Amino acid sequence: MKRQLWYESFTEKYIEGLPVGNGRLAAMMLGRPERLRIALNHEWMWRGENRFREYPDMSEHLPEVREALLQEDFLKGTELANKYFGGTGGVSGKPDRVDPYQPVGDLWFRFHPGEVQNYIRCLDLDTGLARTAFDADCGKVIQELFVSSKDDCIVAQMTTEAPADVDVILDRKEDPRCTITYEHEADGLRMKGSFVEGISFEACVKIITNGKWSIVNGPNSPYLQVTGATHILLLLQIGTDAKGTDPKLEMTFPPCFSPDRKMLVHKSLTDTSETSVEPDCKTLFEILYQAHKEAFRHLKGDAVLDIDVADCDLPTDKRIKLFRQGGDPSMPLLYFEYGRYLMASGSSGELPINLQGKWNEDLQPAWDADYHLDINLQMCYWFVETLGMNHAANTLFNLIEKYVPYGKVMAKNLYGCNGVTMALQTDVWGRVTPEAYGWAVWIGAAPWLGQHMFMHWRHTKDLQFLRERCYPYLKEAAAFYEDYLMEKDGELWILPSQSPENKFEGADKLPVSICVNSAMDIELAMELMNSAAEAADVLGVDAHKAAKWRDIATRLPKLTTDSIGRLNEWDKERVEVEPGHRHLSHLYGLYPSQLFEPDSVEWKAAERSLDERLKHGGGHTGWSRSWVACLMARLGRGEDAWKHFMALIGDFATISLLDLHPPRIFQIDGNMGGTACVCEMLMQSRRGRLHLLPALPSAWQTGSVQNFRAQDGVTVSFAWEKGQLVSAELISAEDQTLCVISGDREWNVVLEAGKKATIKTTN
């Protein structure tokens, strides 16, 4: 399959642009032939006006809230809980204090092409190269862009057959809360910005060209005026003072901009790294690009999915139209690869991807383009362990650990507890204060994030990671529950409790009902206690703690079912205000968790709940549809998973396949959930068990997988024909016996550390 998006028409719509990035830096290519726009982002570009925010000690009010909830006065309990623990924002009528993720600005190529013909724009998902090409008065025009994963800068090139005059503009849209100034450089132009009471940043563009260039003071900003050029090479670097250092300290350029204007060839390209080349634009671009390609390949990982379906040579927008009419069975494979591409491009720096990945053009983006911790951030990382994208996973762990210090403050100030708790939505500053009145009173974010760390251990069996990062975090998260849980009639109750972001009749004055013992909160607490205990056992530490955590897990309230066999979302059967709600929080134990065993009472009740939710219109956003598809795959319902995966693409994708939240707001989580669904359809693993092709759709009758990662530290490659497993190869990080299941067959495979074990079948 050609892993490429391509089009025969230009676009000026941001959500139809071509995204590139290396995690720290990101850019979106769009625009017209005469005015190419490269929209710029940096992972630390959050305004910073609220980076030192505090929250008062409200813990004395916890008994008051609990008393109302114990009396089943949920309306009063909801109002009181939000009054004390909900913060501002939301429906409070007061602004929240989450800093919005900001654009850096735009880099433009502006020239007069005359009549334009044979226009094409494309994005290579294997290399991260975006490209436009067209015929103009100056002959063939090619504009190329990538964000180097090797040299950590944005690289853009424009070539023409005949000399042309081009203006290169670096600017930022007008923002009354941001001051912009410019400085002339010997080899380019620098833009400096400063937010009122917030961070400062700089963007610097450097130029090499075979034409002549100068800096011209335009009506709005200075720009680079290039004349008589057939080659223009631009290197752009961005820095911020978000971490307390001068932005310039972050802004390094490749050696082609050293004083001697020479560049050392990367070792990956030649045996003699001391070879130098003259600063010819085309040569320099190729050197930078080849080095980037190799680095980007590593970020994407070595997993390979190959499906025997006919490829389609139509432009991507026409393919999507055909797909919506029932054609192009290779489109879902492209969508899978796109999610993986977006992860490598957006989560290979220091911070994880936010609601819009790292791509945002708005000064006031929807939901501040923040981190939502009640599904959206977690969904983005559901597939990274299966695809072995460890670098991407590490950015999530970086953020989790950044939240811990103030998470301890919040545990004390909100509830008078030890350990760590986290808010439902937040930004990069680590100040996990509640900022969404009506939604914010929820304690489940910390254990959910912890499970990502624990599953990284389960997949990699990295003892150092378990000892130094995972277990210390799980221990803090568990310490909070030790204090927060309330003993009642021999059980340990959770209150206040919430099922994000749903509500029931009788407590629906605010957007979310605060209750006692929601199903999701019970599931998260139970999973956390068992994971923390297992980690302690593996490390041979804190035996008394492990025993206590296991005891807590057994004393949590039991999950219950309602009168038609659904899993109760709250403590007992209650009337939902919105039966088709987009959130499926109470089904967490089915997916992404593995708390529910196949065919158990909880498993069947969760399945019934899912079917009923869908009957009432559930899954009506991109990310929600992704979750539905993943749940169906976990249930082994391959055709249903496929149906919802198809709807995700057909109903919630732009022509550049970016996921949409109604009405047409870009959110990246749906893209990532779609990639996770494909992984789940093809392979599922639990302790000691590996299930191959558990939910294979009939549309993918023949294919192969290489280097998927399963739990227990096992790397898996397998092939199938006519819907049946043909062969499998397993390599384990340790000696073990693994039960492998496919269809109605099972194999008990003895694995020796580092040695390949093979399964062969006959159809």
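**A chat about a predicted model**

Me: How confident is the predictor in this chain on average?
Reply: The chain averages a pLDDT of 95, and 97% of the residues score at least 70. Here pLDDT is the predictor's confidence in each residue, from 0 to 100. This is a predicted model, in which local features need pLDDT of at least 70 and side-chain atom pairs count only at pLDDT 80 or more, while totals for chains, interfaces and linings use all residues. Residues are numbered from 1 along each chain as its sequence is written, and side-chain values use heavy atoms, with hydrogens and water left out.

Me: Let us turn to the core. Which residues touch the most other members of the largest nonpolar core?
Reply: They are Met422, Tyr473 and Phe718, in a core of 236 residues. A nonpolar core is a set of buried Ala, Val, Leu, Ile, Met, Phe, Trp, Tyr and Cys residues joined through side-chain atoms within 4.5 Å. Buried means under 20% relative accessible area, exposed over 50%, and partly exposed in between (1.4 Å probe, protein chains only).

Me: Which helix gives the largest share of this core?
Reply: Helix H7 (residues 390–415) does, with 13 residues. Helices (H or I, at least four residues) and strands (E, at least two) are DSSP runs, numbered from the N terminus.

Me: And what is Met422 in contact with?
Reply: Leaving aside neighbours within four places in sequence, the contacts of Met422 include Leu373, Ile400, Tyr403, Trp442 and Tyr473.

Me: New topic: how many residues does helix H3 have?
Reply: Helix H3 (residues 281–300) has 20 residues. From first C-alpha to last, H3 reaches 28 Å, close to the 28 Å expected at 1.5 Å a residue; the expected span is 1.5 Å times one less than the number of residues.

Me: What caps the N-terminal end of H3?
Reply: Asp280 does, with a side-chain oxygen 3.3 Å from the backbone nitrogen of Lys282. Just after H3, Gly301 takes a positive phi of about 85°.

Me: Now the strands. Which sense of pairing do E11 and E12 have, parallel or antiparallel?
Reply: Strand E11 (residues 188–195) and E12 pair in the antiparallel sense over seven bridges. Two strands pair if DSSP finds at least two bridges between them. E11 and E12 form a hairpin with four residues between them, and Glu197 in the turn has a positive phi of about 60°.

Me: Is E12 (residues 200–209) mostly covered or mostly uncovered?
Reply: E12 is mostly covered, with nine of its 10 residues buried. E12 also pairs with strand E14 (residues 222–240), in the antiparallel sense over nine bridges.

Me: Where does Arg566 lie?
Reply: Arg566 lies in the loop between helix H11 (543–555) and helix H12 (601–615). Arg566 counts as buried because its relative accessibility is 18%. A polar contact of 2.6 Å joins its side chain to that of Asp562. A polar contact is a pair of N or O atoms within 3.5 Å; within protein, one must be able to donate a hydrogen and the other to accept it, and residues adjacent in sequence count only if both atoms are side-chain atoms.

Me: Which peptide bond from Tyr591 is cis?
Reply: The one to Pro592, with omega near 15°. Pro592 is in the loop between H11 and H12.

Definitions and conventions:
Contact means heavy atoms within 4.5 Å.
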